[in-house]
Amino acid sequence: MPKASDYTPLFRQWESIKKQHPDVLVLFRLGDFYEMFGEDAETGARELSLVLTSRECGPGRRIPMCGIPHHALQRYLVTLVQKGFRVALADQTEDPKEAKGLVRREVTRVVSAGTVLEDNLLGGPQHNYLLAVARAEGRYGVALLEVSTGSFLVTEPTVAATHLSAQPALGQSPADPGLAALLEEIARVQPAEVVLPPELGAEAPLRRALEQVYEGAVTISDTEPDWRGPAEELKAFFQVETLAAFGCEDLPAAQAAAALALRYARQNHLEALPHLQGLSTYSRAEFMVVDATTRRNLELVRTLRENSARGSLLWLLDRTLTPMGARLLRDWLLQPLLAPAAIDRRLDAVEELLSRRGEADRLRAELKAIYDLERLMGRTATGTANARDLRALADSLPHLPAIQRLLRGLDSEILAALAEELEGLQELAAYLDRALELEPAAGLTEGGLIREGFSPDLDELRALAAGGREWIAALQEQERARTGIRSLKIGYNKVFGYYLEISTANLHLVPEDYQRKQTLTGAERFITPELKEQEARVLGAQERSQGLEYDLFVEIRAEAARFASQVLRAAHALAALDALQSLAQVALEYNYVRPEVDDSDRLEISGGRHPLVERLHAEEPFVPNDARLDCTANQLLVITGPNMAGKSTYLRQVALIVLLAQMGSFVPASAARIGAVDRIFTRVGASDDLATGQSTFMVEMTEAANILNHATDRSLIVLDEIGRGTSTFDGLSLAWAMAEFLVWEIRAKTLFATHYHHLNELTEVLPRVVNYRIAVKEEGDRIVFLRRIMPGGTDRSYGIQVARLAGLPEAVIARAREVLHSLEGEDLGRAGGPTREAVQGVGAPVQLQLFEAAPDPIVEEIKASTRTP
Ligand SMILES: Nc1ncnc2c1ncn2[C@@H]1O[C@H](COP(=O)(O)OP(=O)(O)OP(=O)(O)O)[C@@H](O)[C@H]1O
Ligand SMILES: [Mg+2]
């Protein structure tokens, strides 16, 4: 790289900007392009598939260069930000026409994943949080800042664990429980970007642990801490005397995190942030914990197999009509409530919307007309909104009074309260409507923003320009008459301005006073002093009117920003209404019932259905099933049954019904009484996690360890097969020991599906264990799935029949039967599974169910040694 002194002035300017933003891709505006230079150009060319060229940057020296047209900026930004880059926009901050010498350029924004405002960068109905971490007094603090909506939350994550006696498993939660809670919160929130202060960024173990739970962008902020300390910094920013109203006055780590988030946003040139109305402190203690594993296993927002939104529970539930409603519904799903009273309030609202269909339909019709008020206000407040954004605001607000009237006619507590949040915005609506064109231009500098009648000055300039244009139009007729050239016409282009065009055939008729400007094939273009005089008037008026429109628009935007807190209050109320009507809509269409939620330990579901299986597998009518769990007699249900019978479906449907109930939704059942649970744990199937370097069995055991270390007697545990990833006897022993621990130590309500039929014998030695099976009917060598859950265990798996249904070659099926018969003939129980001779060289891993017809002395022995409390 050349020495600075070798650079041309332009590149000296670039270099000084680059020095201030060393870790950021600098997009440097040159004419109609944003250019990248040096290493940035190499990165940009690689990541955006651009052609890498070079440009002279000093005498005899060249620097790598690539660029993108300025109008395509948004598209490329999306790619870069999604890939985790931060991008600084170095714009021209003075009019090139007025610049003396080199045009001034400055970084006007740094765009990063966590601080974007543009809709096309935000993508999808989820929050776009910047999550800042800090540590103070030995505790971690977390701040969640969403600049696009003004939402700003803080917490100090604490460990919900009660069984931390056990050693943390390898590769699992770190030994430091504070760090574990922090990571859990990051995994839950899945922010767009994590910001760490330099001292935490330098901690290798923390960085490594973070990588395990979070794949997005991590930024080490180098902002200078404020000398006054975080509390004073926050007070100054929000202009308050105390942080008490924010609920975080005694949470120094949370304060430090909030201050860091603010500093980072401002460093990215989001200066004033007037839409940040304050902080709210939240505590995970108010919510059911839905950890990343459970979110994945229950397919709450993405499916397991395809990782698609379609087919997930959220996809099924989301009948929201506004983007803010969609975000809130997602929040509710991922943070179900704990307190029955709070749950009941939501259920009351859903029930009322369900019973008052007329009102609900009218509310829906109004909601449909409302745009993303949160993000529109976010852009307005940060000065990035364009006229279309403000128009969308203007078009949305007039629907509020109708919604308010409808809500006032309803009785449930939440809905009635929401009505009062929609107050006082009609003045703003009328003002914006009067000010803004109905279909304003997207750009801000070429007019087309402000409506006629808003500003007399503007109207006058426009009339002047229009008058000039009319004069010019009239001139065409006048000159045709004067010259006798019928084809004479007046045109306009950017280079010559207005001109008179005469075809070659008529050139002999051109009058003296015409001045030739341009020769084309078949025609010549002329001007007259008169025409140029009018042109100057038109263009001058036009330019001034565009300038005035821009100035007026900036004023209007600032005026709208003053209403930020009111608009956001209304937006939050509309989000809640939208989420509630969505739940009512789903309940109506899918025939869900209101669950009874209380503080008991009971779980009683009659006629429960799996919300997705019943909708997505239409070829087979869904068979509803009951469930009954409690902590006294039905604590641990061992569920056996053939492959494909419906064990996994049943387990998930129970978990999903509980989760739906606690988020305030009706449930797919004919009746449900649900004692609120503090957490739903899931351990489902086999999944390789090659990315984090864990084998199938390791993942399985890590998840099991997490459950045994964290579950309480208020938790619901779903274990869909345990110990399958290892040898039969290891697996069975682990499963057995876990069941004992769950019964004696944890006492959590547990559903345990297994192919280890020996676990049915737990009922003989442990209290509170109940066996269930999923019934099938045998017809010859075929099986018919009845899908019904019945008391009692099973002793057969029908693995071979199911394999046949799956289309395994007939020869393999026949041979498998032979092997099975010979295995069943042997006494296989004693020495650790079937011998190679027994399977006659088949050598395949042998499933336990293959030999369970034989009496089993080993199991007898385990049973004899089963521990008592
Ligand atoms: N109650 C039901 N009514 C109708 N269809 C059902 C029901 N339960 C399950 N099914 C159907 O059966 C399929 C298999 O069910 P599931 O995966 O729950 O079986 P499983 O017993 O867990 O099998 P495996 O032992 O192989 O894991 C489901 O994908 C679903 O289509
Ligand atoms: Mg299964």
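Me: Where is the place of F622 in this predicted model?

Reply: In this predicted model, F622 sits in the loop that runs between α23 (613-616) and β19 (625-629).

Me: Is F622 buried, partly exposed or exposed?

Reply: The class follows from the relative accessible area, with buried meaning under 20% and exposed over 50%. F622 has a relative accessible area of 23%, so this residue is partly exposed.

Me: Which residues does F622 touch, leaving aside those up to four places away in sequence?

Reply: On that basis, F622 touches G608, R609, H610, V613, E614, T649 and Q653.

Me: What can be said of phi at S49?

Reply: Most residues other than glycine have a negative phi. S49 is not a glycine, yet its phi is positive, at about 50°. The residue lies in the loop between α2 (38-48) and β3 (53-58). Its relative accessibility is 65%, and S49 therefore counts as exposed.

Me: And E299: what is its phi, and is the residue buried or exposed?

Reply: E299, also not a glycine, has a positive phi of about 55°. This residue is found in the loop between α10 (292-297) and α11 (313-317). With a relative accessible area of 19%, E299 is buried.

Me: In which sense do β8 and β9 pair, and which residue stands opposite S151?

Reply: Strand β8 (residues 139-146) pairs with strand β9 (residues 151-155) in the antiparallel sense, over five bridges. E146 is the residue opposite S151 in β9.

Me: At what angle do helices α14 and α17 pack?

Reply: Angles over 145 degrees count as roughly antiparallel. Helix α14 (residues 357-368) packs with helix α17 (residues 400-408) at about 160°, and their axes are 10 Å apart. The two helices are therefore roughly antiparallel. The crossing of α14 past α17 is left-handed.

Me: Which residues meet between α14 and α17?

Reply: From α14, E359, R362, L363, E366 and L367 meet A402, I403, L406 and L407 of α17. By class, this contact has six nonpolar and three charged residues, with no polar ones.

Note on methods. Residues numbered from 1 in each chain as written. Chains lettered and ligands numbered in written order. Predicted model: local features only at pLDDT ≥ 70, side-chain atom pairs only at ≥ 80, totals over all residues. Heavy atoms only, no water. Pairing = 2+ DSSP bridges. Helix = DSSP H or I, 4+ residues; strand = E, 2+ residues; numbered from the N terminus. Axes fitted to C-alpha atoms, helices over the stretch in contact; angles between N-to-C directions. Parallel < 35°, antiparallel > 145°, perpendicular 65-115°, else oblique. Left-handed = near helix turned anticlockwise from the far one by under 90°. Contact = heavy atoms within 4.5 Å. Nonpolar A, V, L, I, M, F, W, Y, C, P; charged D, E, K, R; others polar. Buried < 20%, exposed > 50% of the residue type's maximum accessible area, 1.4 Å probe, protein only.
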